[in-house]
Each structure stands twice: as C-alpha cells, then as structure tokens.
Amino acid sequence: MLVIARNPTARLHELAATCQLTQRTAQRIVADLAEAGHLQKDRVGRRNQYTVNHDGPFRHPAEAELSIRALLDLTTGLKHEDTDDAPGPPRHRLDPTIGP
C-alpha cells in the first residue's frame, strides 16, 4: 500500500519489483486490498490507477481505531490536504525554521 500511495500509476510488475515479490503475489495483495476497500482500481487508458482509501480503518481489531492515513503520513512523509495536523517527516535540529 505504501508503494501504491507513492506511485498510484505504477504497473503491477513495478510494484512487485519494488516490494521484492513475485508478480502473482503482488497481484493477490492488490486484489485483497481492493476487496477489503483499502484500494480502488480504475482503468485509465491501458493502465490501472490506484486510489488509496486514506480514511479506512485497519482490519485487525488491535489497530481498528487507527486510520490508514496515519500510517501513510508517518511512513511516506506525504501530507494530504485534509490532514493539517498529521506528522510530517522529522526536521533536523539545525533547521533554521525551528526556534532556539
């Protein structure tokens, strides 16, 4: 899901190579995520474009109160328009925009 969030137009073989999986395994994972409602797959021309459901909960009861958005914001450093309070990438101590 993280790879798809970074590159929603990636081809299945690119996803598999990035994740070091077989293409068949990547296909099963993408299909499972789509069936669970975590991804939406749309056909754009000859390619698929994926949309991650950022507001969906995790399936496991231990993480059910967390949204997928929190994980993606934390791991990708991408902020989405409607998440002003989501954590971004860590800033360095010598960053001039950080006060004394």
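Which residues does L39 touch, not counting residues up to four places away in sequence? In this predicted model, the residues that L39 touches under that condition are I4, V30, L33, A34, T51 and V52.

The secondary structure of the chain consists of 4 helices and 2 strands. Followed along the sequence, these elements are arranged in the pattern α-α-α-β-β-α. Of the 100 residues in the chain, 24% count as buried. Contacts may also be sorted by the separation of the two residues in sequence. Among the contacts in the chain with a separation of 6 or more, 32% are accounted for by residues 24 or more positions apart.

The two strands may be considered next. Strands β1 (39-44) and β2 (47-52) pair in the antiparallel sense over 6 bridges. Together β1 and β2 form a hairpin, with 2 residues between them. In the turn, G45 has a positive phi of about 65 degrees.

Is L39 buried or exposed? L39 counts as buried because its relative accessibility is 6%, and buried means under 20%. L39 and G56 are 17 residues apart in sequence, and their C-alpha atoms are 9.5 Å apart in space.

The loop between α3 and β1 contains G37. G37 has a relative accessible area of 34%, and it is therefore partly exposed. Although G37 and N53 are 16 residues apart in sequence, the distance between them is 7.1 Å, C-alpha to C-alpha.

Attention may now turn to the interior. In soluble globular proteins, nonpolar side chains tend to be buried together. Here, the largest nonpolar core has 15 residues, and those with the most contacts inside it are I4, L12, L15, V30, L39, Y50 and V52. At least two residues of this core are supplied by each of α1 (2-6), α2 (12-19), α3, β2 and α4 (68-76).

V30 is found in helix α3. With a relative accessible area of 9%, V30 is buried, since the limit for a buried residue is under 20%. Apart from residues up to four places away in sequence, V30 touches I4, L12, L15, L39 and Y50. L12 lies in helix α2. V30 and L12 are 18 residues apart in sequence and 8.8 Å apart in space, C-alpha to C-alpha. With the same exclusion of residues up to four places away, L12 touches Q23, A26, Q27, V30 and Y50. The C-alpha atoms of L12 and Q23 are 6.7 Å apart, while the two residues are 11 places apart in sequence.

The loop between α2 and α3 holds Q20. At 73% relative accessibility, Q20 counts as exposed, because exposed means over 50%. Most residues other than glycine have a negative phi. The phi of Q20, however, is near 55 degrees, a positive value in a residue other than glycine.

Rolling a probe the size of a water molecule over the atoms shows where empty space is left. About 200 Å³ of space lies in the largest pocket. Which of its 13 lining residues lie nearest the centre of the largest pocket? They are L12, V30, K41, N48 and Y50.

The lining of the largest pocket draws at least two residues from each of α3 (23-35), β1 and β2. Helix α3 gives the largest share, 4 residues. By class, the lining contains 6 nonpolar, 2 polar and 5 charged residues.

Technical notes:
Residues numbered from 1 in each chain as written. Predicted model: local features only at pLDDT ≥ 70, side-chain atom pairs only at ≥ 80, totals over all residues. Heavy atoms only, no water. 1 Å grid on protein atoms, 1.4 Å probe; cavity = no way out; pocket = protein on both sides within 12 Å on 5 of 7 lines; lining within 4 Å. Points joined across faces, edges and corners; volume = space filled by probe spheres on them. Nonpolar A, V, L, I, M, F, W, Y, C, P; charged D, E, K, R; others polar. Core = buried A, V, L, I, M, F, W, Y, C linked by side-chain atoms within 4.5 Å. Buried < 20%, exposed > 50% of the residue type's maximum accessible area, 1.4 Å probe, protein only. Contact = heavy atoms within 4.5 Å. Pairing = 2+ DSSP bridges.
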